[in-house]
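Let's take a walk through this structure, one chain at a time. Have the 3D view open and follow along.

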Amino acid sequence: MFLKELTELSGVAGCEYEVRDYIKSKLREIGCEFYVDKLGNVIAHNKGRKNKTIMVAAHMDEVGLIVKHIDSDGFIKFDAVGGIDQRVLNSKAVLIGENKIAGVIGSKAVHLMTQEERGKSLPIDKLYIDIGSTSKEETEKLVSVGDYVSFKSDYVEFGNNLIKAKALDDRAGCSVILELLSMKLDADFYGVFTVMEEVGLRGAVTAAYQLEPDFGLVLEGTVCADMPEVEDHNKSTIIGKGAALSLMDNTTVYDIDIVRNIAKIAEEKNIQYQYRTSSAGGNDAGVIHKSKEGAKVMSISVPCRYIHSPVSVASKDDYNNVVKLAKEIILESQKGE
Amino acid sequence: MLKEFLFDICSEQFVAGFEHLNGHILTKYFEPYTDSLEKDNLGSYIFKAKGTNERKIMLAAHIDEIGLMVTKILEGGFLSFTSVGGINPASLVAQEVTIFGKENIFGVIGIKPPHVTSEEERKKPLKLKDLYIDTGYTKEEVEKIVKVGTIATVKREAIALQGSRISAKALDDRAGVAVMLETAKELKKISHKSNIYYTATVQEETGQRGAYASGYKINPDIAIVLEVGFGKTPDMPSHSPGLGKGPIVSYGGRFNPKLTKKFVEICKKYNYPMQYEVVPARTGTDAEALQINREGVPCILLSIPLRYMHTSVETVDLADIEITGKAIARFINELDNSDLEEILCF
């Protein structure tokens, strides 16, 4: 499992350098052939018995912020990169740019708020980052417009085999692919680490174009709403209940025969799985299945509570079930007739 | 040293009502500069530095902080909670917490994802009852560690920002406690005639309770209250006191005007920067309790400018703390050589 290292790297969509460099170095260690395409996707090839072209994809990028203005007192205004719920930004520590300048997003003192203001979240436009600078000039020496900002959140293990980290969506998938590549399976597949998923599934478009897959398997961190006051049918996934099989989301309707077949594989191999019962959200499968003449796709995910926040929570058991199931799917697909 | 002290003490919990658990950190830092430690019946820490005359000067900064208290253990190992002191629920979303149960355990306060939250619901102000601590355990497991009444705080490591600025939880009012430590260091060097009582008071955040008992016990001639004040941010008026510009001196009915004037004179004489604020009535500080202690105690209030009060990213400039600590030492030194009664006489 490479999750600690992967989640502690910064890789806001459009700025995946740290994650890419880490993955490249791991691929060299594993001894796996790879190249980086024009957009920055890392495409690794595990050679083996081949029946069809399989593309296993996970995205390297994460949601975050980008610097858009430095004000006259040296405070930093920013925009969101990807889907960030403004409610998660209050009172957070962040790291800015390549030099990881420490900053905080504060909030007006509760004492100075009107009754109506208390408890309300502020739109991103009203928030700013404070790096402790005393002037515009001092900030400009350290930070530039266009710098990417990521949450400061370390990897913590807690509770029943759970982990807390930022960017579990989708370093979880990246870590699974690295594990699959380490296994040196006698089954041919491409392990693809895509860029810019969070800002419109950009990287997967060109990766799929190059690989022309017959089957795309997308590995994700996905929404999990199994918290108090959420009705069972709205939970989407439940933590600790296994690998989540997608049926339908905003970008893809999954081939039901493939879904059922994968469920069957899971049952035969005693791998815990569940269905992802929300149709909200989308992922790289949405562009892979529309590539060229079309491809079959499937998404298997690790449920993540508080996804897209600095404190995403996932289960190591679910993660391991995704690894096992992805491995079996690849082996099964390349078994031949 | 100052930074080390604050990084050290801000990472520990002193939630109002639970200040007795980590007193050893205070002792470690104050012992080298003081002669004795006493606690009053409510638990405030009184470090005394003996003088050579009968005069008693009390410095007061509260050691307690705002926190969370578990009210219910729910299915799935989630915890409902209330606040100890004033907290904006919006500042708790997506925070890590430490729960001080039978053992310390980690938790996070999450929020329902957007797909199950209507646009309308997202715009509504959050209340504490809308939030839960996720412990990652089952209800049965967590019940063995946590009980109703267990406290928790946001988990936040102190952060060094640019220059001499730092960000941490509980700088309200550990910044004030740090001022006392600076003064203690200075006075150890230049010596003093008055008896000095460095008092880390309890339960300020829940209504300035501790200062009543410690003030009564010490029975000081004067008191210097050390607090944090609202430091200027983009959403505040342009005349607000700023970080790095020295202590905020308060004017208003809770403070002795002549003693305040004397402090200002001395700062000017020795070129210590200062800022001012007016607080005509209620201050929400230990001065509330100390001013009306016994027959009355002349008080002054000095505040360290602080941004984002009562969040986990409270931000101060260490230079303000240092300046304030030194200015107070100089002030005490001058008082030692003056007729205090004459200064205080109306």
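Start with chain B, which splits into domain 1 (2–65 + 169–344) and domain 2 (67–152); such bounds come from an automatic or database domain assignment. Keep in mind that this is a predicted model, where local features need pLDDT of at least 70, side-chain atom pairs count only at pLDDT 80 or more, and totals for chains, interfaces and linings use all residues. Residues are numbered from 1 along each chain as its sequence is written, chains are lettered from A and ligands numbered from 1 in the order in which they are written, and side-chain values use heavy atoms, with hydrogens and water left out.

Taken over C-alpha atoms, the centres of domain 1 and domain 2 of chain B lie 33 Å apart. Where they touch (contact means heavy atoms within 4.5 Å), domain 1 of chain B puts in 10 residues and domain 2 of chain B puts in 11 residues. Together the two domains of chain B bury about 740 Å², with 69% of that coming from carbon and sulfur atoms; buried area here is the accessible area (1.4 Å probe) that two parts lose on being put together, summed over both. On the domain 1 side, B:Val15, B:Phe18 and B:His310 stand out: they supply 50% of the area that domain 1 of chain B buries against domain 2, more than any other three residues.

Now hop over to chain A. The axes of helix 6 (residues 256–268) and helix 8 (residues 316–333) of chain A come within 10 Å and cross at roughly 110 degrees, so helix 6 of chain A is roughly perpendicular to helix 8 of chain A (that label covers angles of 65 to 115 degrees). Axes are lines fitted to C-alpha atoms, for helices over the stretch in contact, and angles run from 0 to 180 degrees between N-to-C directions; helices are DSSP runs (H or I, at least four residues), numbered from the N terminus. The contact is made by A:Ile262, A:Ile265 and A:Ala266 of helix 6 of chain A, and by A:Leu325, A:Glu328, A:Ile329 and A:Glu332 of helix 8 of chain A.

Methods:
Helix = DSSP H or I, 4+ residues; strand = E, 2+ residues; numbered from the N terminus. Parallel < 35°, antiparallel > 145°, perpendicular 65-115°, else oblique.
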